Amino acid sequence: MNNQDFDLGTVKHFFEHDYHDRGMMKWQGFYLSDHTAALNQQNQQLNAVYVPRPQQSLAVITEVLADAYQRQQPVTIQLKTVDQNNRHLPDITTLIRGYNANDIVIDADRFIPLQEIRNVAFKNTESYKILALRIFLNTLFGRLQI
């Protein structure tokens, strides 16, 4: 086709009367299952709601963290931090690698300030029950060595 055969009126008529754009349908073939799975996962993460657990006292938080560090037991930590929609972030499940006066260390180089922790619990519920009993007995009878 050369410019002499090109008729703008014919093209205009074709797009106005004969051509039917299928919209997004024409792009569906370009999405692979990996893409749609990733989009679904991202959508689930964005819509996930993490229920706020009760705010623990600093004494309870440090007691649980110290016991977890000593026994090398994984804990689940909920931070006070919320996102832009005022929703809590996902819990962090980890081993405690170390600590200082104001922070705990997880994952070798990530520090979490104690003041940012809302709630901490053992991942293993049996360990949590033992510690809860220990804290209860400590409040009744003073400091026990268990």
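This is a predicted model: local features need pLDDT of at least 70, side-chain atom pairs count only at pLDDT 80 or more; totals for chains, interfaces and linings use all residues.
Analyst: Helices (H or I, at least four residues) and strands (E, at least two) are DSSP runs, numbered from the N terminus. Residues are numbered from 1 along each chain as its sequence is written, and side-chain values use heavy atoms, with hydrogens and water left out.

User: Which pattern does the chain follow along the sequence?
Analyst: The secondary structure comprises 4 helices and 6 strands. Read along the sequence, these elements give the pattern α-α-α-β-β-β-β-β-β-α.

User: Where in the chain is confidence highest?
Analyst: The average pLDDT of the chain is 81, and 80% of the residues score at least 70. Confidence is lowest in helix H4 (residues 125-141), with a mean of 69. The highest value, 93, belongs to S1.

User: What percentage of the residues of the chain count as buried?
Analyst: Buried means under 20% relative accessible area, exposed means over 50%, and partly exposed lies in between (1.4 Å probe, protein chains only). Of the 146 residues, the buried share is 22%.

User: What is the order of the open sheet that contains S1?
Analyst: Two strands pair if DSSP finds at least two bridges between them. Strand S1 (residues 75-79) and S2 pair in the antiparallel sense over 3 bridges, and Ile 77 has Ile 92 of S2 as its bridge partner. Strand S2 (92-94) and strand S6 (117-122) are the edge strands, each pairing on one side only. The sheet of 3 strands, with antiparallel pairing, therefore reads S2-S1-S6.

User: At what angle does helix H3 run to S6?
Analyst: Axes are lines fitted to C-alpha atoms, for helices over the stretch in contact (heavy atoms within 4.5 Å), and angles run from 0 to 180 degrees between N-to-C directions. Helix H3 (residues 58-71) lies across S1 and S6. Residues buried in H3 include Ile 61, Val 64 and Leu 65. To S6, the helix runs at about 40°.

User: How far does H3 reach from its first C-alpha to its last?
Analyst: The expected span of a helix is 1.5 Å times one less than its number of residues. H3 has 14 residues, and its reach is close to the expected span, which at 1.5 Å a residue is 20 Å. From first C-alpha to last, H3 reaches 20 Å.

User: Which residue of S5 is the bridge partner of Ile 106?
Analyst: Strand S4 (residues 103-106) and strand S5 (residues 110-113) pair in the antiparallel sense over 4 bridges. The bridge partner of Ile 106 is Arg 110.

User: Which residue in the hairpin of S4 and S5 takes a positive phi?
Analyst: The hairpin has 3 residues between the strands. A positive phi near 50° is taken there by Asp 107.

User: Is Asn 86 buried or exposed, and what is its relative accessible area?
Analyst: Asn 86 is placed in the loop between S1 and S2. Its phi is near 65°, a positive value in a residue other than glycine. Asn 86 is exposed, with a relative accessible area of 61%.

User: What is the relative accessible area of Gln 72?
Analyst: Gln 72 is found in the loop between H3 and S1. It has a positive phi of about 55° although it is not a glycine. Gln 72 is partly exposed, with a relative accessible area of 41%.

Terms used: pLDDT is the predictor's confidence in each residue, from 0 to 100.
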